[in-house]
Amino acid sequence: MRALFDNVEELIESLRMEECLIIVEGRKDVEKLEEFGIHSVKLKGNLKSFCENVEARKVVLLMDTDREGKVLTHKLKTYFARLGVKTNLFYWNNLKKLRVTHVEGLKLKLPKHYAPYFSKSKSF
């Protein structure tokens, strides 16, 4: 198992290299990740139907780490497991370790000198 990151910059850089679908809670999360060159999709509609319509075999779950996000993460992990889709919680666990409660708040944890590589993000 990989070690947890020491800072948000490391998390962002690693997340940019992921080659699987990244799922987040809302529009602001998608927008914030796009600023870092990370493509993601937001949850839409019924959770079970959403999971059934995902065509990926592996997904990164990147919900907020607040109470609602924890419940969503558990439900999504359960639904995806039933469908044979592997879920990656590595980054979510790192958010908790780094005390980032909301994905759109990642930028607040970055040093002012941090300038991410703004490149075209991968599409699925």
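Biologist: How many bridges join strand 3 to strand 4?
Modeller: There are 3 bridges, and the two strands run parallel. Strands are DSSP runs of E with at least two residues, helices are runs of H or I with at least four, and both are numbered from the N terminus. This is a predicted model, where local features need pLDDT of at least 70, side-chain atom pairs count only at pLDDT 80 or more, and totals for chains, interfaces and linings use all residues. Residues are numbered from 1 along each chain as its sequence is written, and side-chain values use heavy atoms, without hydrogens and water.

Biologist: What is the strand order in the sheet?
Modeller: The order is 2-1-3-4, in an open sheet of 4 strands with parallel pairing; strands pair if DSSP finds at least two bridges between them. Strand 2 (41–42) and strand 4 (86–88) are the edge strands.

Biologist: Which residues are the bridge partners of Val60?
Modeller: Val60 is the partner of Ile22, and in strand 4 its partner is Asn88.

Biologist: Different topic. Is Val59 buried or exposed?
Modeller: Val59 counts as buried because its relative accessibility is 0%; buried means under 20% relative accessible area, exposed over 50%, partly exposed in between, with a 1.4 Å probe and protein chains only.

Biologist: What does Val59 contact, beyond its neighbours within four places in sequence?
Modeller: Its contacts (heavy atoms within 4.5 Å) include Ile23, Phe80 and Lys86. Val59 and Lys86 are 27 residues apart in sequence and 6.3 Å apart in space, C-alpha to C-alpha.
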